[in-house]
Amino acid sequence: MEPSDVPSGQPAERTSAIKVTGLALGNALVVAVLDNLDVSCVVKVVARSVEKLTLDKTSASLNVGDKDHLTASVSPSDATDQVIRWFSDDETVVTVAGAVVTALKAGTATVTASCGNCTASCVYTVSNIDPVSASVDKPSLELTETETEIVNMTILPENVTLKDVVWKSSDETVARVEFLD
């Protein structure tokens, strides 16, 4: 055993005391020697467990295609293992990578963070983005028989959650429409 920085020469009638500080996980034997006597203390430095995990929000609303970032807080702040694991209970609605949540389709899903024996959750409600306006690039056409023309529709906003678009002719014997892939 190497000599330590603990002062020696304490009078025998007094109690000798030291302060032991854990520095790293593991075991150490602390020994005090007095003439031909020795006493020891087994020191086991253990991991500081996570006692509480919280998220910056417990619910949120997103539109399809939106992203959100969750912030997790571990208590105590000096807990040994602060690795946070993330998962979604419905990855068809939202996915989570790290703390970034991505909305995929309308619905509800819960994102859960876990650290040690603690968990915290945020419920996401995802909505479709409804169209606000639609227009065609050719509001009027003049065609001869058998002539064809392509008409394009623009839907706003650009990030609208597209639903089935149905094109119809009021008289299929005059003008027929075909959907282009």
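Glu-149 counts as partly exposed, at 39% relative accessibility (buried is under 20% relative accessible area, exposed over 50%, and partly exposed in between, with a 1.4 Å probe and protein chains only). The model is predicted: local features need pLDDT of at least 70, side-chain atom pairs count only at pLDDT 80 or more, and totals for chains, interfaces and linings use all residues. Residues are numbered from 1 along each chain as its sequence is written, and side-chain values use heavy atoms, with hydrogens and water left out.

Glu-149 forms a salt bridge with Lys-138 (a side-chain nitrogen of Lys or Arg within 4 Å of a carboxyl oxygen of Asp or Glu). The closest N and O atoms of this pair are 2.8 Å apart. Both residues lie in the loop between β12 (133-136) and β13 (153-156), so the bridge ties together parts that are 11 residues apart in sequence. Strands (E, at least two residues) are DSSP runs, numbered from the N terminus. Lys-138 is partly exposed, with a relative accessible area of 27%.

The count of salt bridges comes to four. Another one joins the side chains of Arg-48 and Asp-78, at 3.6 Å from N to O. This pair links distant parts of the chain, 30 residues apart. Arg-48 sits in the loop between β2 (37-45) and β3 (52-55), and Asp-78 in the loop between β6 (72-75) and β7 (85-88). Arg-48 is partly exposed at 45%, and Asp-78 is partly exposed at 46%. Arg-176 and Glu-178 also meet through their side chains in a salt bridge, at 3.3 Å from N to O. Both Arg-176 and Glu-178 are exposed.

The largest pocket holds about 1100 Å³ of space. On a 1 Å grid over the protein atoms alone, a pocket is an open set of points where a 1.4 Å probe fits, with protein on both sides within 12 Å along at least five of seven lines; lining residues have an atom within 4 Å of a point. The volume is the space filled by probe spheres set on the points. Of its 29 lining residues, the closest to the centre are Glu-149, Val-151, Arg-176, Val-177 and Glu-178. The lining has 16 nonpolar, six polar and seven charged residues (Asp, Glu, Lys and Arg count as charged; Ala, Val, Leu, Ile, Met, Phe, Trp, Tyr, Cys and Pro as nonpolar; the others, Gly among them, as polar).

Three strands form an open antiparallel sheet in the order β5-β9-β8 (strands pair if DSSP finds at least two bridges between them). β5 (67-69) and β8 (94-97) stand at the edges, each with a single partner strand, so one side of each lacks a neighbour in the sheet. Four bridges join β8 to β9 (residues 100-103). Ala-97 has Val-100 in β9 as its bridge partner.
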